[in-house]
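User: I would like to go through this model by question and answer, with the cut-offs spelled out.

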Amino acid sequence: MKKKRSGFLAKSFYGATSSNPRRKWKWALLLALLAAALLCAVWYFFLRPEAEIPFDESIRALVLTSGPENADRNRYLREDIAYLEKQLPRRHKNLYAHLTQKEYKERLASLSRRVPELTNAQVFVELSKVIAALGDGHTNISYWDGYRYPLAFWLFGEDVVIIGTDAAHEGLVGARVTAVNGMPIEDVLGKLSEIISYENESWRMYQLPSALAAPVYLQGLGIIGADRLAELTLTDGTETWTVRVPAYHSAEMPEISVPANDPRIARASTHYEYQLLPEESTLYFRYNTCAEAPDLPFAPFVENMMQQARDAGVERIIVDLRANTGGDSRVFAPFIAALRVWMVDKPETAVRVLVGRATFSSGMFAVYHIKEAAPGAIAIGEPTGGAIDAYGEVQTMTLPRSGLPVYYSTKYFEFSKSFAYKNPGTNTFLPDVPITQSLQGYLAGEDEALAAALAQ
């Protein structure tokens, strides 16, 4: 019994064409054309790349040197905001992991409307707030006008402390900042935190000191005025006083008395270096960035270092990652290979890893690879700035009118699944032995995490 078919297409295709192959192919061709037209429409309205806005240096100069009274500047900034609104979701691995699409679009639309009321510093601070709300430590916008204060800050617990100054302010080292232009430092840090892209408290703490030293952020947040002067309220625990600090352009910045190579405050002047500590039978290896030094390739560096360690009869290996904010994780492979061989030959070797708030991105790969190459390795220091599972593999796009770079993630890394070693931290790597550098120890020249590693 033949099945009855109904409907126009069914009747036409199955009935009329069954006895006429030419009609059957005509209908097939028609359906194919309709499908192609539908795909073209989807591509045109939803997937088609935006026509690139050609970069023009003269327009960039106009944008960065003009105020809200300039209609062209306002139009160009709105074009940048529109470009970001469309391009970042297309390029980022998963832009809406923490901020909804609706919130993202609404916040940018609101900013676009307010451009004629805002200075450049305010516009770019507001853009930073939107991007920071995405909750991805690798995704951010870079805006800096070249000015800084001749001071270096560091957070010891909740205290903001001056750790370096120019010659004119050398008496301020060790003083604690309690206010900026009359605003309590807790409120200042709260406002600055809104423009910092971070995934955990450690990375926020690492980023805050450099943000505090840049007047353009304080201007954009309404904390200081156009003259860039910052009136700091300071205390040494006994007395309280105020000091007015001017900002300098980087080309005229006086020398600041802060060590350039101090792992306690995540500063490094080399890509990597090592010391043999004979009295402690220790190899102390600082891996400061995941990149090849131009004048010293990593593989021969490792070969020489490990041979020196063997000749010295080393019984302890300390790897310091406190200044390592990332780079190319593949660079570290020669050391991991050498460490695996070492642990087969000398399984009793004590391996210690120093981590901190600046240990981030590919620096996290280094931590995990050491933990797997030497399963008994003990991590010492602060919780890491890098998350255990995080976005990364950064690419850059440029806002076409202002020329400002925007960095964004293109890949999601899951250390919790990629490595056999498991860490109990949530959104941060927790060290086996927590050590936080104290202000008293810092001022006395002590490295408390390194001391703990040498005592283990």
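User: By class, how many nonpolar, polar and charged residues does the lining of the second largest cavity have?

Analyst: This is a predicted model, in which local features need pLDDT of at least 70 and side-chain atom pairs count only at pLDDT 80 or more, while totals for chains, interfaces and linings use all residues. Residues are numbered from 1 along each chain as its sequence is written, and side-chain values use heavy atoms, with hydrogens and water left out. A cavity is a set of points on a 1 Å grid over the protein atoms alone where a 1.4 Å probe fits but cannot get out, and lining residues have an atom within 4 Å of a point. With Ala, Val, Leu, Ile, Met, Phe, Trp, Tyr, Cys and Pro as nonpolar, Asp, Glu, Lys and Arg as charged and the others, Gly among them, as polar, the lining has 9 nonpolar, no polar and no charged residues.

User: Which element gives the most to the lining of the largest cavity?

Analyst: The search finds 3 cavities of 30 Å³ or more, and the largest has a volume of about 180 Å³. Its lining of 21 residues has Pro-263, Arg-264, Arg-322, Glu-382 and Gln-437 nearest the centre, and divides into 10 nonpolar, 5 polar and 6 charged. Two elements give two or more residues to this lining, β3 (151-156) and α15 (448-455). The most, 3 residues, comes from β3.

User: Why is one side of β1 and of β15 left without a neighbour in the sheet?

Analyst: Two strands pair if DSSP finds at least two bridges between them. The open sheet has 3 strands in the order β1-β16-β15, with antiparallel pairing. β1 (140-141) and β15 (389-398) stand at the edges, so one side of each lacks a neighbour because each has a single partner strand.

User: In β16, which residue is the bridge partner of Asp-389?

Analyst: β15 runs antiparallel to β16 (residues 405-414), and 9 bridges join them. The two strands form a hairpin with 6 residues between them, and Gly-403 in the turn has a positive phi of about 75°. Val-394 is bridged to Ser-409, and the partner of Asp-389 is Glu-414.

User: Is Ile-388 buried or exposed?

Analyst: Ile-388 lies in the loop between β14 (378-381) and β15. Its contacts (heavy atoms within 4.5 Å) beyond four places in sequence include Met-364, Phe-413, Asn-427 and Thr-428. Buried means under 20% relative accessible area, exposed over 50% and partly exposed in between, using a 1.4 Å probe and protein chains only. At 6% relative accessibility, Ile-388 is buried.

User: What is the relative accessible area of Asn-200?

Analyst: Asn-200 is placed in the loop between α7 (185-193) and α8 (201-212). Among the residues it touches, leaving out those up to four places away in sequence, are Thr-384, Ala-387, Asn-427 and Thr-428. Asn-200 is buried, and its relative accessible area is 7%.

Methods. Helix = DSSP H or I, 4+ residues; strand = E, 2+ residues; numbered from the N terminus. 1 Å grid on protein atoms, 1.4 Å probe; cavity = no way out; pocket = protein on both sides within 12 Å on 5 of 7 lines; lining within 4 Å. Points joined across faces, edges and corners; volume = space filled by probe spheres on them.
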